[in-house]
Amino acid sequence: MGFDQYHEPPEELSQEVRTFARMITSLIEEAEAISWYEQRMSVEKNPQAKAIMKNAQSEEFKHFGMDLEFLLRQKTDWRVELKEILFTTGDIVKAGERGEKKVD
């Protein structure tokens, strides 16, 4: 079974790079699942079914957060930049620009 997560021959990649690629793929999959649940909930009429979907989506948020945290622990520049953006108030673009300057 082949995997599309590698753009270079896997045997030439270090274990760290392969783990990183797996976690990026996991992050993408969790984001997709969050979106799918959001779409399903927006059209679901049955309150019980909608509640179950909401609960499942919450688990996907948790997994997304854990994947992101793992990646940020591997890439300190990402962590520095995102600290300026995440969990702040005000203009998001300006916060991103501040974070970018901190990394440069």
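In which hand does α3 pass α4 in their crossing? The answer is a right-handed crossing, a label given when the near helix is turned clockwise from the far one by less than a right angle, with anticlockwise counting as left-handed. The model is predicted, so local features need pLDDT of at least 70 and side-chain atom pairs pLDDT 80 or more, while totals for chains, interfaces and linings use all residues. Residues are numbered from 1 along each chain as its sequence is written, and side-chain values use heavy atoms, without hydrogens and water.

Helices here are DSSP runs (H or I, at least four residues), numbered from the N terminus. The axes of α3 and α4 (residues 92–103) lie 7 Å apart, at an angle of about 145 degrees; axes are lines fitted to C-alpha atoms over the stretch in contact, and angles run from 0 to 180 degrees between N-to-C directions. Contact (heavy atoms within 4.5 Å) involves Asp-77, Val-80 and Glu-81 of α3, with Gly-96 and Gly-99 among the partners in α4. The contact residues comprise 2 nonpolar, 2 polar and 4 charged. In this scheme Ala, Val, Leu, Ile, Met, Phe, Trp, Tyr, Cys and Pro are nonpolar, Asp, Glu, Lys and Arg are charged, and the others, Gly among them, are polar.

Next come α1 (residues 15–43) and α2 (residues 47–74), whose axes come within 9 Å and cross at roughly 155 degrees. That makes α1 roughly antiparallel to α2, a term for angles over 145 degrees. Their crossing is left-handed, and the contact holds 16 nonpolar, 4 polar and 7 charged residues.

Helix α2 also packs against α3, at about 115 degrees with axes 5 Å apart. Residues in this contact include Glu-69 and Leu-72 of α2 and Arg-79 and Leu-82 of α3.

Helix α2 gives the most to the lining, with 5 residues.

Key
Helices (H or I, at least four residues) and strands (E, at least two) are DSSP runs, numbered from the N terminus. Angles under 35 degrees count as roughly parallel, over 145 as roughly antiparallel, 65 to 115 as roughly perpendicular and the rest as oblique.
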